[in-house]
Amino acid sequence: MSTARRGAPARLGIAALNLLWPGLGFLRLGEVRLAAGFMAVPLVLLFALAAYFEWGTELTFASWAALALALLLGHLTAVAVSAAICWRHGAKRHPARHWWSRWYAIAAIWVAVMGINLLMPDPQSNYRHFYVPSEAMEPTLIRNDRFVARMGELGPFRRGEIVLVTAPQGAVYVKRIAGLPGDRIAVAGGVVMINGGAVPQRLVRVEESRSLGFPGPARRLAERFPGEGGDHEIYDFAPSEFDDFAETLVRPGYLFLLGDNRDHSADSRVPRALAGLEQVPVSDVVGRPLFFSWWPGQRMRGRPISE
């Protein structure tokens, strides 16, 4: 067996292959078992993450942060350990060269591994990041807030629950459920009426709105829909066109949605001809906001979004 040794630049290049994917450096050295073991680490982590998203408990900020940290540390550890071992093993040059140690084979294997990675289930089918482009849900959500939402089928709906819906023009709106199928719902003088009863409102304070397009004092009110677990807060600026809405029956398979910024929300009170939602089919509900993202400048980082 040859005792020829590689120089530092060659050893460094072999170790650096692991930056592309852990274990690639071992292919160059001909150590296929070590290569297979280290190359499997990120794929196993990604599969475990996808499995948790699909079958695990609903994601919270703490579990999201823990999963992201575990994935990052697992990948970096595999890279660092494989690079260190390759540096040490790469000193000796062995004459016997297998096909998988050739540069073209390493490149082909890397492409194959990346292809497998792309075939992994997309986490965005379960959870997605969103940002708020308008003031329609103030004071709960303000313009440019960012949040993580649970996507897909949500199960039974509740009054007061915040949901994401697909609007007729294809945009995704975030609104609050006010009426369920079979409910009779109306708005009288800005007060929501559900099945003949007025939803009580309580003044929290008068404050300046954060809305860029709607400056001025706003009454911040607390209200609670029937069956809702706690109060949610809304804005009321002044008498507006949609403070009164004739009683209507929520059709089977539909929901009646309202924005928390009642005077500035294109919701179920507003005809589609005016860019409103009207009653929304349950099938158009695509997700539910969970918690505020950890984002530069983001207020309330990691806090759950109240329902």
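User: Let's start in β6: which residue is the bridge partner of Val187?

Analyst: Quick caveat: this is a predicted model, with local features needing pLDDT of at least 70, side-chain atom pairs counting only at pLDDT 80 or more, and totals for chains, interfaces and linings using all residues. Residues are numbered from 1 along each chain as its sequence is written, and side-chain values use heavy atoms, leaving out hydrogens and water. Strands here are DSSP runs (E, at least two residues), numbered from the N terminus. In β6, Val187 has as its bridge partner Val192.

User: And how many bridges join β5 to β6?

Analyst: Two strands count as paired if DSSP finds at least two bridges between them. β6 covers residues 191-194 and runs antiparallel to β5; the bridges joining them number 4.

User: Which residue in that hairpin takes a positive phi?

Analyst: The hairpin of β5 and β6 has 2 residues between the strands. With a positive phi near 60 degrees, the residue you want is Gly189.

User: Which strands stand at the edges of the open sheet?

Analyst: That sheet has 3 strands in the order β8-β9-β10, with antiparallel pairing. Each edge strand has a single partner, so one side of each lacks a neighbour in the sheet. They are β8 (201-208) and β10 (232-236).
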